[in-house]
Amino acid sequence: MDQQYDPKAIEAAVQKFWTQSGAFEVKEDPQKESYYCLSMFPYPSGKLHMGHVRNYTIGDVVSRFKRMQGMNVLQPMGWDAFGMPAENAAIKNNVPPARWTYENIDYMRSQLQLLGFGYDWTREIATCRPEYYRWEQWFFTRLMEKGIAYKKTAPVNWCPHDQTVLANEQVIEGCCWRCDTPVERREIAQWFLKITDYADQLLDDLDTVEWPEQVKTMQRNWIGRSEGMEVEFEVPGQESLMVYTTRPDTLYGATFIAIAAEHPLSLKVAESNAEIAQFITDCKKTNTAEAAMEKMEKLGQALGIHAINPVNGEQIPIWIANFVLMGYGTGAIMSVPAHDQRDWEFARKYGIEIRQVVAPGDGSRVDLEVESFVTKEGVCCNSDMLDGLDFESAFNRIADHLEAAGKGNRQVNYRLRDWGVSRQRYWGAPIPVINCSSCGTVAVPANDLPVVLPEEIEFEGIGSPIKSMDTFINTDCPCCGQAAERETDTFDTFMESSWYYARYACPDFDQGMLDDRADYWTPVDHYIGGIEHAILHLLYARFYHKLMRDEGLVNSDEPFKSLLTQGMVLKDGSKMSKSKGNTVDPQDLIDRFGADTVRLFVMFASPPEQSLEWSDAGVEGAHRFLKRFWNLVHQHIGIVAGKKYELNIDRLNESQKAMRLKLHETIRKVSDDFDRRLTFNTAIAANMELLNATTRFEDDSDQGHSIRQEIFDSMLLMLSPIIPHICDQLWRQLGHDSVIIDESWPLVDDSALVQDTIEMVIQVNGKLRGKMQIAANAEKSECEALALENDQVKKFIADKAIRKVIVVPSKLVNVVI
């Protein structure tokens, strides 16, 4: 038996056993309660970072704990393998994206295995494999049949040099991040999914999941349900403009209409106006991201024509504005500069009238020379029939008026827009569509799927190589048999990550997207990942799950019952990143200290949902604790020398009872920390306190040895989800024939919590003056008498009169003098 703690040897031996025995491979068992714990799968970027380590350690700890509670636990792992980083690496390293990706997967898988994560590797998936995206393509063709998938033109960021669409974050100060070419805004045909058809379901079902309220709020705001009106503004000599507004109560303050550069009215005027045409061209160079448009300078150009305000008949100017997009709503907005800050800034810039139509409810004045007055709490003014009304009353009166006049109607709108799933890039799943000059857009038949992405290509970064690959493009129309061309766009990578959790249930099923095993495991019981995924990934996954439900593939409404959003890993006060030079390589830590030290540190440093501040000293402290734990257990093993001691709880002395009380109080607390509170740091702290108490327990009797054995057995069980390797070895060395991963969670012995005596605080006039030991079942009168006999209390009472004595059972006695 090795007396020295050697994490490298220990962890290699334990991991070998797990692998050879298939310790974490799991099958469906209707007789057992299932538990699906899932951490968001990684992009195979090359190496794990500490954010990965923290995320996956939390998931592994939860999974191992639930297994010890007797549940049938699934914890899989896979790879979110498509995406632009592989294209960038291909350019930099002159290798195909596929080869770079697969090599990274192999290396990162080995890192995960070194950390001892209990994954069922038989279920591993990589989203770039045709056997995975085949079913995504099939499902898309089903959505085409239902009309949920459709094609329309939409604005994108276009790099004319690289001949590719850029994500919003790839546009830096108006230029391509890679080649620095000025970016254009173009309208191109793209595929969309009708997520807006599910807006109400996505809102309502948030009430059915156990997610952080912050995440729910972020999703509600993103969906952005609003009640307003669609109002018609007539334009003499032109078609009317339809405008949606949530504030029809401010219609009397509308002093201009802003429309998008791509609006049909803008384009029509531009045909005979070079200045307007140039402005439209300039607008096409702006970033389409909502956040970027919020920050950019607001620019406009008057069209020279007017619209008629339907409530007062006034003619108000129509402007093209660079902050209005055609793809959002009707491409026209009603502008009330007195009560909207963006409109106020625009009006001040271009000398447009600012007319106050809402006043503070308290009668105070507002200074519109300084800023706009934005509120729903005021009362209407300068608004004819609405004067003096509050928001709700004014809304209803003007709505009734406009509907009666046929100039508008009440409407519910959403901030949410349909999901654009087309990407004009190479490294992604091909969209399964064929374009035929006779038949139009045709879905690839199911028996011709998957449409396989060619992997052995030369990638130079100028457009997508498959756009010029005749062997990929040229095909026959499945309807008429004539020569046709394949779609060369690929799917948004959020498509792959929106259903991977369900495919883990049946990764070997080759006859369909999912089988009935999906309903055994889903919805996921516990989903873990960063809050940066609160909106897009989680929203799209929820939408996709409802689509699969409606296809009959799953029976549940939501994909994830419970969500834990772990905090960031910080160093020197900021998030770890290569650009800041403050990263820590997990591999170096594993090589130096072992996986258990890394796992212990990341679980002890802070609660999961809070940020973790990196500390080299903290890592070293975690390693010292493991060595001390190892040594103390081995001291005990050396003393008992294999002898078995039977614990007789009926013959314990007071110190032995106190030690067992401490143990079972710890088990009770740690069980709650794991199960309800998810505060693993306090669970570790409680075990450290228990170990300290054990070192002070100097009892070499048979009973004393039995209690130490009970303590070490219990500590190993409680800590095994966190530091599984060392616990496995010490469990065996303590003489157990079983392996610890198959053991149950330790139970609290309620009899050990029953105390013969307790300690009570004694106060005089509310201030601590002493403590006393007393029988746990002592009457109130006994507590009073013993408190008054305390020497310290007598000193403070002296000859003063006692007004009353207050007894709080089992806690304190307060003598009021």
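## Sheet and helix packing

An open sheet of four strands has the order 13-14-12-15, and its pairing is mixed. Strands here are DSSP runs (E, at least two residues), as are helices (H or I, at least four), numbered from the N terminus. Two strands pair if DSSP finds at least two bridges between them. Strand 13 (300-308) and strand 15 (332-335) are the edges; each has a single partner strand, so one side of each lacks a neighbour in the sheet. The twist averages 30° from one strand to the next.

This is a predicted model: local features need pLDDT of at least 70, side-chain atom pairs count only at pLDDT 80 or more, and totals for chains, interfaces and linings use all residues. Residues are numbered from 1 along each chain as its sequence is written, and side-chain values use heavy atoms, with hydrogens and water left out.

Strand 12 (residues 256-259) and strand 14 (residues 315-321) run parallel, joined by three bridges. I259 stands opposite I320 in strand 14.

Two helix pairs follow. Axes are lines fitted to C-alpha atoms, for helices over the stretch in contact; angles run from 0 to 180 degrees between N-to-C directions. Contact means heavy atoms within 4.5 Å.

| Helix pair | Axes come within | Crossing angle |
|---|---|---|
| Helix 7 (residues 213-223), helix 16 (residues 536-550) | 10 Å | roughly 75° |
| Helix 18 (residues 595-604), helix 19 (residues 616-640) | 9 Å | roughly 120° |

Helix 7 contributes V215, Q219, W222 and I223 to its contact; helix 16 contributes L536, L538, L539 and R542. In the other pair, D596, T597, L600 and F601 of helix 18 meet G618, V619, A622, H623, F625 and L626 of helix 19.
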